[in-house]
Amino acid sequence: MSLANLFGFGPVADVNIFLDGENERQQVEYRVSKDKREKAPLYFDGDPVSGKVVLRVHEGKQLEHYGIKVQFIGCIEMFYDRGNHYEFVSLVQELAAPAVLTNTAMYTFEFKNVEKQYESYQGINAKLRYFVKATVSKRVGAITQSKDIWVYSYRVPPEVNSSIRMEVGIEDCLHIEFEYNKSKYHLKDVIVGKIYFLLVRIKIKHMELSIIRRETTGAAPNQYNESETITKFEIMDGAPVRGETIPIRLFLGGFDLTPTYRDVNKKFSTRYYLNLVLVDEENRRYFKQQEITLYRRNEGEHSMADDDAAND
């Protein structure tokens, strides 16, 4: 027992938030830190957010409060600017007028047709979160509790999705062409491609392909860029010869990916790149990056294009 509780100065009540249908909703697991993951119930744009706030007064105590309210908040938090939260959604409902409580009290709330224009995100320097917050105002300070939800945003598959064809080379030494079947992929998609060796006059030891996530936060001149390699795998071991073709098939479903975010609320962006790296026998590295766009597709949707890609 703390000294505050021992001398009667500790909290006289606690507050909890329970969301309607929470146990029936899909739970999304997300990374909080390198070694810690949490879960939150999944919601979509327009879904109502409802539930109850339970205020439990400790036995033998009484609580004089100056009002109880509940808020639904969508905000962006920057890890380099922890003191400031940038709210883009802020709804509030008053649950109770000032009163004195000696027993447990329960209050229901409902935020209807809530706009959730952005998808939840937990990155290196930026976090976009939605949460319900209950506040019990007191003469001095307040009792607060919050509960996070997770939001997905589905996108309609793009009508135009052209393939990527690029060249990389060193004059009179190396000439490679590579192509990917398209430039926009859903998060469970398959990247299909080919690499053509047109000229090889250097001794290549191996070749690898990686997916890089680049997060940009802030605005110039105070802009921060952080890159992390999501996955890396070797697609060739040994020296290629002129005319050789190397196939590429990369399944995205097994990786921790998010959609591409472009200038979300003018606070952050997250982009993805395919990085092709060749290493010669002297361990010199030659690389070429190509940006791809990722989007979240409703898993109930299925198209002939997906079948074609799977059968390539």
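Where is the place of Asp189? Asp189 sits in the loop between β15 (184-186) and β16 (190-200), with strands taken as DSSP runs of E of at least two residues, numbered from the N terminus. The model is a predicted one, in which local features need pLDDT of at least 70, side-chain atom pairs count only at pLDDT 80 or more, and totals for chains, interfaces and linings use all residues. Residues are numbered from 1 along each chain as its sequence is written, and side-chain values use heavy atoms, leaving out hydrogens and water.

At 4% relative accessibility, Asp189 counts as buried (under 20% relative accessible area; exposed is over 50%, partly exposed in between; 1.4 Å probe, protein chains only). Neighbours within four places in sequence aside, Asp189 is in contact (heavy atoms within 4.5 Å) with Lys182, Lys184, Leu250, Phe251, Leu252 and Gly253. With Lys182, Asp189 also forms a salt bridge, 3.0 Å from N to O; a salt bridge here is a side-chain nitrogen of Lys or Arg within 4 Å of a carboxyl oxygen of Asp or Glu. Lys182 is buried too, like Asp189.

The structure holds 17 salt bridges. One of them pairs Glu77 with Lys127, the closest N and O atoms being 3.6 Å apart. This pair links distant parts of the chain, with Glu77 in strand β6 and Lys127 in strand β11, 50 residues apart.

Arg262 and Glu291 make another salt bridge, at 3.2 Å from N to O. Arg262 lies in strand β20 and Glu291 in strand β22, so the pair ties together parts that are 29 residues apart in sequence. Arg262 is partly exposed at 41% relative accessibility, and Glu291 is partly exposed at 26%.

Technical notes
Helix = DSSP H or I, 4+ residues; strand = E, 2+ residues; numbered from the N terminus.
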